[in-house]
Amino acid sequence: MNEEFPILELQQHIHEMIARHAPLEKTMCAVADWMGMLFPYASFSLMSYDPDNGTLSSIPGSWLSAKCSPRVHDLPVEPGNTPYAEAACSRTFSGTEDFRQSYHANPPSQEGFRACWSYPLLSPEDELLGVVGVNYSTPKCLTQQDKRKLKQAAALIALTLLRDRETQN
């Protein structure tokens with residue numbers, strides 16, 4: 001339980017930031033720190049969905065730190081493309097424990113990543129907002145606990161994005 005306390009404390013802080021309408025950049029910085037606690041040794045991808053073009057692109061911002069993966073632009077949302085696109089298409093978890101095993105003939109360019117787990121960012125109305133990805137430089141098996149944590153992170157990020165959209169409108 002002692003290991004979980006700092007994680008829960010930061011999660012509570014993020015909820016308070018959302019409730020106070022803190023700037024998106026500050027909130028996302030706290031989310032990136034929180035995800036770093038949930039997924040040590042990983043880097044992260046956060047992409048928004050463009051419904052007009054049917055593509056995913058990295059969400060810009062100075063909160064993107066060394067913990068975040070290289071930027072992605074205009075990634076087509078279509079089956080078989082990458083775990084990011086798969087998660088957006090299926091609106092559920094998608095991932096691979098090892099790109100070299102999963103994408104034999106045509107591995108996607110993932111900047112040296114071997115494992116990638118992705119989860120869609122959805123509104124309560126099932127609107128696709130984007131995708132969050134957790135990436136590892138070595139093959140990594142996904143546990144049910146990892147999957148739960150990624151789903152929890154996706155829900156918190158979606159809440160953050162929706163609250164920011166509400167604030168801007």
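**Close-up views of a predicted model**

View 1. In helix α3 (residues 83-90), the buried residues are Pro83, Tyr84, Ala85, Ala87 and Ala88. Buried here means under 20% relative accessible area, exposed means over 50%, and partly exposed is anything in between (1.4 Å probe, protein chains only). Helices (H or I, at least four residues) and strands (E, at least two) are DSSP runs, numbered from the N terminus. Cys89 also sits in α3, but Cys89 is partly exposed, with a relative accessible area of 33%. Leaving out residues up to four places away in sequence, Cys89 touches Val77, Glu78 and Pro79, where contact means heavy atoms within 4.5 Å. Gly54 is 35 residues away from Cys89 in sequence, with 9.8 Å between their C-alpha atoms.

Residues are numbered from 1 along each chain as its sequence is written, and side-chain values use heavy atoms, with hydrogens and water left out.

**View 2. The whole protein chain, for orientation.** The protein chain has five helices and six strands, and from the N terminus on they run α-α-β-β-β-α-β-α-β-β-α. Of its 169 residues, 46% are buried. Take the contacts between residues at least 6 apart in sequence: 55% of them join residues at least 24 apart. The accessible surface comes to about 9200 Å², and carbon and sulfur atoms hold 50% of that. Accessible areas come from the Shrake-Rupley method with a 1.4 Å probe, and for residues only the protein chains shown count as cover.

View 3. How buried is Ser118? Its relative accessible area is 0%. Setting aside neighbours within four places in sequence, Ser118 has contacts that include Tyr84, Ala87, Phe93, Val132 and Leu150. Ala115 is likewise buried, at a relative accessible area of 0%. With the neighbours within four places again left aside, the residues in contact with Ala115 include Thr96, Phe99, Val134 and Tyr136. Ala115 and Tyr136 are 21 residues apart along the chain, yet their C-alpha atoms are separated by 5.0 Å.

**View 4. Ser94 in strand β4.** Ser94 lies in β4 (residues 94-96) and is buried, with a relative accessible area of 12%. Apart from neighbours within four places in sequence, Ser94 is in contact with Pro83, Glu86, Ala87, Cys116, Trp117 and Ser118. Pro120 is 26 residues from Ser94 in sequence and 8.8 Å from it in space, C-alpha to C-alpha.

**View 5. Helix α5 and its cover.** Does the span of α5 agree or disagree with its 25 residues? Helix α5 (residues 144-168) should span 36 Å at 1.5 Å a residue, and its end C-alpha atoms are 36 Å apart, so the two agree. (The expected span is 1.5 Å times one less than the number of residues.) Buried residues of α5 include Leu150, Ala153, Leu156, Ile157 and Leu161. Their cover includes α1 (4-19), α2 (24-38), β1 (43-50), β5 and β6 (128-136).

**View 6. The largest pocket.** The largest pocket holds about 300 Å³ of space, and the elements giving two or more residues to its lining are α1, α2 and α5. Among the lining residues are Glu4, Ile7, Met37, Leu38, Arg148 and Gln152. By class, the lining has five nonpolar, three polar and four charged residues. Ala, Val, Leu, Ile, Met, Phe, Trp, Tyr, Cys and Pro count as nonpolar, Asp, Glu, Lys and Arg as charged, and the others, Gly among them, as polar. On a 1 Å grid over the protein atoms alone, a pocket is an open set of points where a 1.4 Å probe fits, with protein on both sides within 12 Å along at least five of seven lines; lining residues have an atom within 4 Å of a point. Points are joined across faces, edges and corners, and the volume is the space filled by probe spheres set on them.

**View 7. Two loop residues with positive phi.** Most residues other than glycine have a negative phi. His21, in the loop between α1 and α2, has a positive phi of about 60° and is partly exposed at 38% relative accessible area. Asp126, in the loop between β5 and β6, has a positive phi of about 70° and is partly exposed at 42%.

Definitions and conventions. This is a predicted model: local features need pLDDT of at least 70, side-chain atom pairs count only at pLDDT 80 or more; totals for chains, interfaces and linings use all residues.
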